[in-house]
Every structure is written in C-alpha cells, then in structure tokens.
Amino acid sequence: MTHNEFRRAAKSSLENAQRMLFSEYFNYVYTIVFSRLRSCAGREDIEECVGDVFADVYMYYDDSRELSGDISGFIGAVARRKAADVYNKLTRHSFGRISIDDEETANIEAPDNTEEAVEKKERNGALMHCIELLGEPDSTIILQKYFFMRSSAEIAELVSLTPEAVRVRCSRALKRLREKLTAMSISI
Amino acid sequence: MNDKYINLDTLENADEETLKKIAADCPASEEEKEIMFAMSRRIYKERTKESDYKNGMEVSGVEVYKKPKWHGFAAAAAAFVIVAGVVAGGMLLKKNNPVKPPVINSRVEIQACPIGDLESCRMRISTADLEPAVFEPSDEKQRAINKALKEGNWDAEKKEGFTVPDDIVYSSEFSYDVVTSYNKAAESTRPDYLTIFFKDSDNDGRMFMLRLFSDDSVLYDDGTKQERYQLDEETAGTVRKNAEFDPEIYSLIYPEDKNGDLLHSVWGISTQAENNAETYDLYCPVTDETVRVTADSCRFCMGVWNQEDVMTCEADPEVLKVFSQTDWKPATREANLDADGILVSFRCTDSNENYYEYTIHNSGTAIVSYSDIADAIDVKTMTYDIGSDMSIYSSFYGVYEKTLKELTPDRIFSVTEMRSAMISRSDDPGIKTDLNDEEIGLLANAVTSAEWERLPEDTQFGDRIYSLDMSNMMYHYGVEIYSGNTVTINGNNPMRVSDDFITALNSISERVWKKQEPVHYDSLSESEEAELIERASELYEKCIPRYMGFTSGSPSLFYDDTEKIEYKEFGENGNGILIPGVTSIDEIRAMFLEEFSERYHANDIGDEYPYFEMDGKVYSRPGGRGSHIYFQDTEITEIRCMTEDEIIFNVRNYYGGAETDDTLPWVEQKAFSVVVQPDGSWKVGMLSLPY
C-alpha cells in the first residue's frame with residue numbers, strides 16, 4: 001500500500017485506511033516483532049509492541065513527508081526498532097528510546113554481508129526448506145509449536161485437527177525433521 | 001538432546017527472505033489481530049490526542065500507554081510498576097475527588113454502601129445491548145466505580161420509579177429467556193440499564209450483581225436475596241460513565257452456561273451441580289501433587305495413543321490409584337524410545353484445565369508431562385524409570401477388559417479400531433480368509449450399525465452359517481453366527497443380531513471369496529500346474545523357518561555349530577549374540593532380500609530390533625516367538641492367479657482337532673506368492689506364517 005493509496009483511502013475514512021494498512025502488513029510486522037521478543041516477552045508485550053509499531057506508522061503517514069513505492073522496508077525498520085526497544089527494556093540492557101526519525105532508521109537492518117550473516121542466512125534457508133519438505137499441515141505445526149510457541153489447542157484450531165492429533169503429528173514431524181536435518185548435516 | 005523439542009532460536013532475527021517465509025505462517029487469529037488493531041488505534045489516538053471519549057476525559061501524556069486489564073500481567077517485573085501506578089492513581093483520584101460528606105436526607109433512610117467494601121472485587125459489566133456478553137473494565141474504571149459506589153448515597157426505602165414486573169419472577173437463574181423477557185419488560189419503561197457482576201476474591205469468592213436502571217434505582221442480587229435501592233444522581237452518573245463499553249479497548253466475553261446460574265456463568269466458575277460428578281485422586285509425579293479428576297476425563301489407550309482406541313476410566317476409576325503406588329524414579333540415562341514399544345498411554349485434564357500425559361514404555365521408561373492446557377508452551381516433562389513394575393499396565397488392562405466385557409460388538413468397535421478380520425464362505429462356515437483394509441472397513445461398519453441384543457446363557461443355537469474373526473489392537477473375537485441370527489462370541493455371550501448384519505455379511509463374503517477363486521489358464525497344462533505347485537511348496541516349507549529366523553535374529557541362522565555362539569555383555573545395554581561375518585545391519589538385510597522379495601519385505605528387518613550395531617560389529621537380541629497351539633498342517637492347494645512376474649497360490653492352514661482340546665477344527669485360506677526373477681529364480685513374495 002503506497003502513501004498515495006493510503007491518503008486516498010483516508011479521505012473517506014481514516015480508520016478504514018489504517019485497517020487496510022494494518023491488514024496488509026500485519027503478518028510481516030508480527031513476525032518481526034515476535035522473532036525479536038519471543039525469548040523474553042509475553043504474548044501481551046508482543047501484541048502491545050505490534051500495536052505500537054502500527055501507531056507509529058499511522059502517525060508517519062499523517063505527516064506531510066512523502067514515502068514512495070514499497071514501504072515494507074520502512075515498516076520493517078520501524079518494527080525492528082520498536083522490538084529492539086522493548087527487548088532492551090525487558091532485558092534491562094538499555095533504557096534508551098528510539099525515534100523513527102532517527103537517521104539510522106533507514107539503515108536499520110543488520111548488515112547481511114558478513115561471513116557470519118551469510119552463514120546464518122544459508123542455514124536458516126536450509127532449515128526452512130527442511131520444514132517445508134514436511135508438507136502441510138506438519139510444516140505449519142512445527143513452526144507454530146517451536147517458533148511461534150503456540151499451544152496444541154491453538155494449533156489444532158489453525159489446522160482443523162484435534163489437539164491430540166496435533167500432538168501426535170508434531171512428534172512424528174519432529175522426528176522426520178531431525179532426520180532431514182541430519183541428512184543435510186544441519187545441527188540446531 | 002531432547003527428542004520432544006527442537007530449538008528454532010536460530011530463526012530469530014532472521015534475514016528478510018526467511019522472515020517473509022515465516023510470516024506466511026503467522027498464527028495470529030482474527031480475534032488477536034482485531035485486538036492489536038484496536039490497540040494500534042488507541043495508541044495512535046492517544047498520541048495524536050484524538051480521544052474518542054465522549055465523556056470529556058482526556059488522556060494526558062503521549063508516552064503513557066496503560067495495558068488494559070484483560071491483557072493480564074505479563075511479567076513479574078512489571079508488578080512493581082503496576083503497584084506503583086495503583087498507589088499513584090489512588091492518590092490522584094483522592095486529590096481530584098475529595099470525599100464528600102454524605103448528604104443526610106431526613107425523609108428517607110440514607111445509608112453507606114450496603115453491599116460492603118468492593119476493593120477486592122473484580123467487575124464484569126453487561127448492558128442491554130451487549131447481553132449475554134460481558135466485558136471487564138480496566139483497573140482504573142473499576143476503581144472509579146468502586147469509589148463512586150462506596151461514597152454514594154443508597155436510599156433503601158425507595159418505592160417509586162421502576163418496579164420489577166409482577167409477572168416475571170426475577171431470579172439469578174441463568175436463562176436467556178428469563179433475562180430477555182425481563183429485559184423486554186424493563187425496556188418498555190426503562191430502556192437503559194447496565195448490570196455489574198462482582199466477584200470478591202478476598203471473601204471466598206462472594207459473587208453478586210447490581211443492575212442500575214435509568215432512574216438511578218439499583219437492584220442488588222446475590223443469588224439468595226434481592227434488594228432495591230435508590231442511588232444519588234451523581235453516583236449513578238459516575239458509575240455509568242465508567243461502565244461504558246469501548247469496542248476498541250475491551251473484548252467481549254460470552255459466558256458459558258453453568259447449570260443455569262448467571263453469576264457462576266459470568267465468572268466461568270463450575271457450579272455445585274457441575275461438581276457433583278464424582279472425582280478421584282490422580283497423582284502426578286512431575287508436580288508431586290495429587291489432583292481431583294473425573295473418571296470420564298481420564299482416557300487411555302493400551303499401546304500407542306490412537307484416537308480410535310481411546311477409552312475412559314469410568315469402568316473402574318479406582319485404577320488411578322496405581323499412579324500413587326508406583327515408584328517414580330527419575331531416569332538416569334537417556335532411553336532409546338524408538339526401539340521401545342508403548343504399553344499404556346494415559347491422558348487427563350483436571351478441573352483447572354491442567355493437562356497430564358503419561359506414556360508407559362515396555363522397557364520400564366515412563367514419560368509424564370504436565371501442562372496448563374491453555375498454555376501448552378510451558379510443558380513440564382519428566383522421564384522416569386519404573387523398572388519391571390507392570391502394575392500400571394496390568395491395572396489399565398483390567399479396565400480395558402472390564403470395559404470391553406460390558407460392551408456389545410457394535411460398541412466395542414465404536415471405541416476400538418478393527419485391525420484385522422476374517423470371514424467364512426457363505427456356503428462353508430468351516431473355512432475363513434482375510435479381509436483387506438477396505439473390506440475391514442465394510443465389516444466394521446456393518447458391526448457398528450447393526451443392533452445387538454444379549455440373550456440368556458442357556459440359548460439354543462441352530463446351524464452355524466458364518467464364522468468371523470475380528471481383532472482390535474488387544475483382542476481377538478471369534479464370532480460364530482447361527483441360523484435365527486443368534487451369535488456367540490469366543491464361545492459364549494449369546495446374542496442376537498439384526499437382519500441387516502447378515503445381509504452385509506453375505507455381500508462381504510461374496511466379494512472376498514470371489515477374488516480368491518482360481519483363474520483357469522488354458523496355456524497351463526495340469527502337469528505344469530502340479531510342477532509349479534510342487535516347486536512352490538518346497539520353497540514355502542523352507543522359507544517359513546528362514547523368515548522367522550531372520551526377523552527374530554535367531555543365532556541358528558548364522559551359526560552352523562550352535563555351541564560356538566558368541567555372547568557379549570554390554571552392561572546397562574544388555575547383551576547380544578555376535579552375528580559372525582557381517583559389519584552392518586544392511587548386510588543382513590541384503591542377505592534377507594536375497595531370499596525374500598523387496599516388493600513385500602523391504603521393511604521387515606528394522607534398524608533397531610532384533611539387530612544392533614556396536615563397535616563395527618552386529619549383534620542380535622533374539623526374542624522368542626510363541627507358536628500357534630492349534631496348528632496342524634499347511635499346504636499349497638492351487639494357483640490363484642499369475643501376473644507377468646508373480647505367481648500367487650492359495651494356501652490352506654489347518655487348525656484344531658482332537659489332539660489339542662475340544663475346539664472344533666477350522667481352516668484358514670491365505671495367499672503365498674513367488675516373485676519370478678529375471679534369471680527365472682524365485683523370491684518369496686506374499687507370506688503369512690501359519691504357526
């Protein structure tokens with residue numbers, strides 16, 4: 001959704017425009033925030049942070065400054081910043097606040113050209129590939145359970161199975177995933 | 001390594017590409033999204049001071065965002081901040097709203113809040129528009145309502161204004177009909193009212209409700225008594241103001257009916273009537289606590305958990321005692337569960353929605369998990385070694401037997417899965433043959449949809465018309481069907497079955513046996529056929545002990561001289577017999593597949609049992625195999641059919657007879673096949689061990 005599209009939609013209803021923006025980028029923002037905070041924050045903190053990210057984005061859109069083209073990079077940057085801020089607060093490493101007007105905002109993503117970053121990217125790519133190879137619904141179950149840390153009851157609703165069936169499939173899928181990872185010499 | 005968990009932390013802070021892939025699996029429900037959207041709007045409005053509050057309240061400060069009550073308390077660390085906020089908020093309220101002395105009205109009796117101190121109460125609110133849903137106002141709003149009610153004037157003598165209609169007996173009974181009709185009556189004269197439900201955590205969970213009408217009269221109801229009061233206008237106004245529903249802040253709660261009790265329902269608390277179900281002690285070694293559970297919430301399976309085979313403990317809830325009598329020693333070494341069969345799987349949920357899962361393995365390893373069902377992330381799992389104690393298995397086996405004994409076949413195969421079955425010919429109940437998976441499904445359906453009626457023990461039976469074998473995971477049921485639709489199961493349990501079952505048997509039997517009729521090949525002379533049968537019979541006879549030897553790791557297969565058998569001790573890992581001349585299980589598998597076709601036997605030799613590799617050598621843990629005590633003889637009788645590279649024979653196995661006991665002899669027809677190799681040699685194809 002471009003800035004112009006947002007403005008056009010906002011002319012008839014600001015809330016609707018915000019809702020459209022929210023719907024389009026929710027999964028992306030949630031995943032960024034979740035992946036940063038999953039180890040230290042409760043679900044409520046994560047939800048609050050997501051709300052906070054979008055509030056900032058709405059405010060930025062109100063502003064006269066123009067953003068053009070694909071704004072997912074900008075939204076991703078806000079999400080990473082906010083999540084890092086919450087992370088620092090929760091882990092008490094820092095109490096600094098972050099403004100999206102920061103000069104650094106545009107350059108927020110971690111540099112991906114270091115050897116370590118490249119290695120991590122490759123490893124994550126291979127891991128995601130192994131998970132995808134499990135097929136549905138197993139790949140979803142594994143990600144929901146071990147990354148998004150959802151309960152079997154919640155996953156059950158998502159994949160239209162009973163919680164017990166989810167548990168059974170999860171345990172089998174985990175075994176298969178381990179085999180695939182071993183075959184590809186990936187240690188997690 | 002924890003086999004039940006995988007750490008995906010590496011995906012944290014992932015690169016953009018990986019992130020987008022993960023985002024496709026974003027788990028947030030529509031409801032959660034809605035909450036977050038409302039939150040983003042609220043923060044936005046606070047920051048832009050675009051408050052939607054119509055009551056003139058304005059949020060001060062742009063950075064302060066207070067998490068709504070319904071979000072709960074996420075972290076203990078936040079507690080301090082919240083407590084500090086409560087104190088500060090309280091002081092602020094005090095400053096802005098100095099306590100007014102109560103206005104004494106000489107005409108009527110004015111009293112202080114007659115419903116007691118509400119400080120420790122939680123509130124949920126509903127309005128005529130929201131019913132039957134309720135919402136839980138924020139702490140701040142609850143405090144404001146509490147304060148208003150505490151400091152307001154309550155006129156207990158109010159007689160004018162709204163009265164409860166005579167034709168509606170007002171009660172706290174949870175019935176939407178009653179509530180709705182009551183509301184309708186109220187609506188005609190008083191369109192606006194709101195109901196506040198209170199629960200006092202400091203007073204044994206005392207519950208009551210107040211219904212505030214538009215004339216500021218209020219009805220108090222605690223389920224045992226109702227009283228009416230008249231509030232002063234300012235108090236009522238403050239309550240209304242703070243009880244407004246904001247869809248962007250509050251989520252609606254739809255109470256689940258708790259035996260018609262409105263108060264219990266609103267708070268989601270089980271009522272006495274619900275609690276009447278008898279409960280039993282369940283000991284959980286993980287928490288080292290005993291909880292009370294109902295028999296129907298305790299479910300188990302003999303073997304691995306299979307939804308089709310699940311039973312409850314209702315037949316004998318006392319079985320749960322076995323968990324408190326077991327010696328739960330934490331396991332000291334990692335168990336190899338892949339090669340370990342499961343004896344019993346048990347699952348249960350207690351009244352607090354905690355989930356318990358026990359898996360008892362053949363080796364004595366027991367895995368017990370405990371979790372809060374709503375938050376299964378925090379699963380606590382412990383592995384125990386209960387040694388050779390078989391009491392859990394035998395106790396549950398007792399319940400299993402007891403449950404099945406009381407059931408007719410339709411119920412048995414409703415709660416257990418039919419795993420295998422045989423059916424006789426419609427014209428000869430003395431010979432039976434196997435059903436394939438699809439036919440098993442047809443038979444199971446016929447059994448469960450038929451009507452079964454128990455008959456007296458002394459029932460007389462006519463001629464036998466069908467003979468069936470049906471097995472679930474644990475039991476084998478020999479079912480004999482006689483004329484007049486009378487039935488025996490395993491030689492007794494006389495019953496009568498409905499006609500539709502016999503009709504279904506006719507159809508299944510015809511289908512099954514038709515496939516086994518031998519095909520006549522013009523190109524095959526009688527002598528050629530006899531030659532093939534003779535050659536197959538030799539292979540058949542020879543392959544049975546070879547197959548048993550390979551799959552059970554029998555040393556006689558690998559040692560010409562059994563006196564030279566080498567045993568080796570592996571301490572905690574038990575002992576094994578050295579398989580001479582091989583260095584891997586794959587080599588044994590290759591030897592096996594030299595004789596047995598991969599088409600049917602590719603997976604007959606596993607990676608874990610009976611062979612295992614150690615120090616570059618292969619050992620076996622040979623296990624004894626029981627034999628069929630009724631077995632008499634087996635023979636290949638005819639060629640059933642041929643394909644391009646396979647010849648399928650009919651085999652007849654003969655069982656029973658005077659040499660064992662009085663069991664009537666019977667015959668089973670099976671298939672044996674040979675897979676013809678390119679060089680003309682044969683490998684064993686289909687094989688069913690006759691003994």
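The bend at a residue is the angle between axes fitted to the seven residues ending there and the seven starting there. By that definition, H2(A) has a kink of about 60° centred on A:Tyr25. The model is predicted. Chain A meets chain B through 54 residues of chain A and 44 residues of chain B.

- H2(A) spans residues 14-37 and has 24 residues.
- Its end C-alpha atoms are only 30 Å apart. A straight helix would reach 34 Å at 1.5 Å a residue.
- The kink in H2(A) is centred on A:Tyr25.

**The contact between chains A and B**
- The contact takes 54 residues from chain A and 44 residues from chain B.
- On the side of chain A that touches chain B, six elements each supply at least two residues: H2 (14-37), H3 (43-62), H5 (115-133), H6 (138-147), H7 (152-159) and H8 (163-183).
- H2(A) gives the largest share of that side, with 12 residues.
- By class, the side of chain A that touches chain B has 25 nonpolar, 14 polar and 15 charged residues.

**Helix packing in chain A**
- Two packed helices are described by the angle between their axes and the distance between the axes.
- H1(A), residues 3-12, and H2(A) have axes that come within 6 Å and cross at roughly 145°.
- In this contact, H1(A) uses A:Phe6, A:Ala9, A:Ala10 and A:Ser12, while H2(A) uses A:Leu14, A:Asn16, A:Ala17, A:Met20 and A:Leu21.
- The contact of H1(A) with H2(A) divides into 7 nonpolar, 2 polar and no charged residues.
- H7(A) and H8(A) pack at an angle of about 95°, with axes 8 Å apart. H7(A) is therefore roughly perpendicular to H8(A).
- H7(A) brings A:Ser152, A:Ala153, A:Ile155, A:Ala156 and A:Val159 to this contact, and H8(A) brings A:Pro163, A:Val166 and A:Arg167.
- The contact of H7(A) with H8(A) has 6 nonpolar, 1 polar and 1 charged residues.

**Strands around S7(B)**
- B:Asp155 has B:Gln230 as its bridge partner in S7(B).
- S6(B), residues 217-221, also pairs with S7(B) in the antiparallel sense, over 5 bridges. Here B:Asp221 stands opposite B:Gln226.
- The hairpin of S6(B) and S7(B) has 4 residues between the strands, and B:Gly223 takes a positive phi near 95° there.

**The open sheet S24-S25-S27-S26 (chain B)**
- The sheet has 4 strands in that order, with antiparallel pairing.
- S24 (567-569) and S26 (611-614) of chain B stand at the edges, each with a single partner strand, so one side of each is left without a neighbour in the sheet.
- The twist averages 45° from one strand to the next.
- S26(B) pairs with S27(B), residues 617-620, over 4 bridges in the antiparallel sense. B:Glu613 stands opposite B:Val618 in S27(B).

- S28(B), residues 631-642, and S29(B), residues 646-655, pair in the antiparallel sense over 9 bridges. A hairpin joins S28(B) to S29(B) through 3 residues.
- B:Thr634 stands opposite B:Asn653 in S29(B).
- S29(B) and S30(B), residues 666-676, run antiparallel and are joined by 10 bridges. In S30(B), B:Val675 is the bridge partner of B:Glu646.

Notes
Residues are numbered from 1 along each chain as its sequence is written. Chains are lettered from A and ligands numbered from 1 in the order in which they are written. This is a predicted model: local features need pLDDT of at least 70, side-chain atom pairs count only at pLDDT 80 or more; totals for chains, interfaces and linings use all residues. Two strands pair if DSSP finds at least two bridges between them. Two residues are in contact if their C-beta atoms, placed from the backbone, lie within 7 Å. Ala, Val, Leu, Ile, Met, Phe, Trp, Tyr, Cys and Pro count as nonpolar, Asp, Glu, Lys and Arg as charged, and the others, Gly among them, as polar. Axes are lines fitted to C-alpha atoms, for helices over the stretch in contact, and angles run from 0 to 180 degrees between N-to-C directions. Angles under 35 degrees count as roughly parallel, over 145 as roughly antiparallel, 65 to 115 as roughly perpendicular and the rest as oblique. The expected span of a helix is 1.5 Å times one less than its number of residues.
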